[in-house]
Amino acid sequence: MAETRDVVELILQDHRRMEDLFRLMRSVEADRASALEEFADLLIAHALAEEAEVYPALKRYKNIDDEEVEHGEHEHDEGNEALLELLEVEEIGSEEWDEKLEALVEAVTHHADEEERTILNGARENVAAERRAELGAAFREERERQLKAGCGSIDNVRRIVKSS
């Protein structure tokens, strides 16, 4: 399967990877700490890349609801807060861990579902494939830049939450 450049497909791939990581974080047989570390990096890099490269571009299209885009940004803040609460839990697998994990799953799953139904379907219908590929390249580049910077570290997540 060829690697996609379409920003909609790239975002959907990240959403599916996040779902896989949720399954690992719930599994007593998995390396939950590693899954959380990968998830934290992916969630933060994904959200920052969307906010820097994708959302501003999509707001220019009259058939994509600006309120949905702004709501998506608000939901990123909620996801970041839930992530920070999970990162701050001292014992993986504890009752507190399970509670914070489920709050994170709920926040991120709700956002991904809404984003897929509103923003991404709107982008697929109203943004030319060539432009989606350009946005995909910009999204991927910013996402990689964030990942290389260790964007999912607890200190960085705290900084992001405090600044939102």
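**View 1. Helix 1 supplies the largest share of the lining of the second largest cavity.** That share is 4 residues. The model shown is predicted. Helix 1 is joined here by helix 4, and each gives at least two residues to this lining. The space inside is about 30 Å³.

**View 2. The residues around the second largest cavity.** H15, M18, E19, F22, V108, T109 and A112 line this space. By class, 4 of the lining residues are nonpolar, 2 are polar and 1 is charged.

**View 3. The predicted model holds 2 cavities of 30 Å³ or more.**

**View 4. Four helices around the largest cavity.** Helix 1 (7–26), helix 2 (32–58), helix 3 (66–87) and helix 4 (95–126) each give two or more residues to the lining. The lining of the largest cavity is made up of 6 nonpolar, 6 polar and 1 charged residues.

View 5. Helix 1 and helix 4 each supply at least two residues to the lining of the second largest cavity. Helix 1 and helix 4 are also among the elements that give two or more residues to the lining of the largest cavity.

Methods. Residues are numbered from 1 along each chain as its sequence is written. This is a predicted model: local features need pLDDT of at least 70, side-chain atom pairs count only at pLDDT 80 or more; totals for chains, interfaces and linings use all residues. Side-chain values use heavy atoms; hydrogens and water are left out. On a 1 Å grid over the protein atoms alone, a cavity is a set of points where a 1.4 Å probe fits but cannot get out, and a pocket is an open set with protein on both sides within 12 Å along at least five of seven lines; lining residues have an atom within 4 Å of a point. Grid points are joined across faces, edges and corners, and a volume is the space filled by probe spheres set on the points. Ala, Val, Leu, Ile, Met, Phe, Trp, Tyr, Cys and Pro count as nonpolar, Asp, Glu, Lys and Arg as charged, and the others, Gly among them, as polar.
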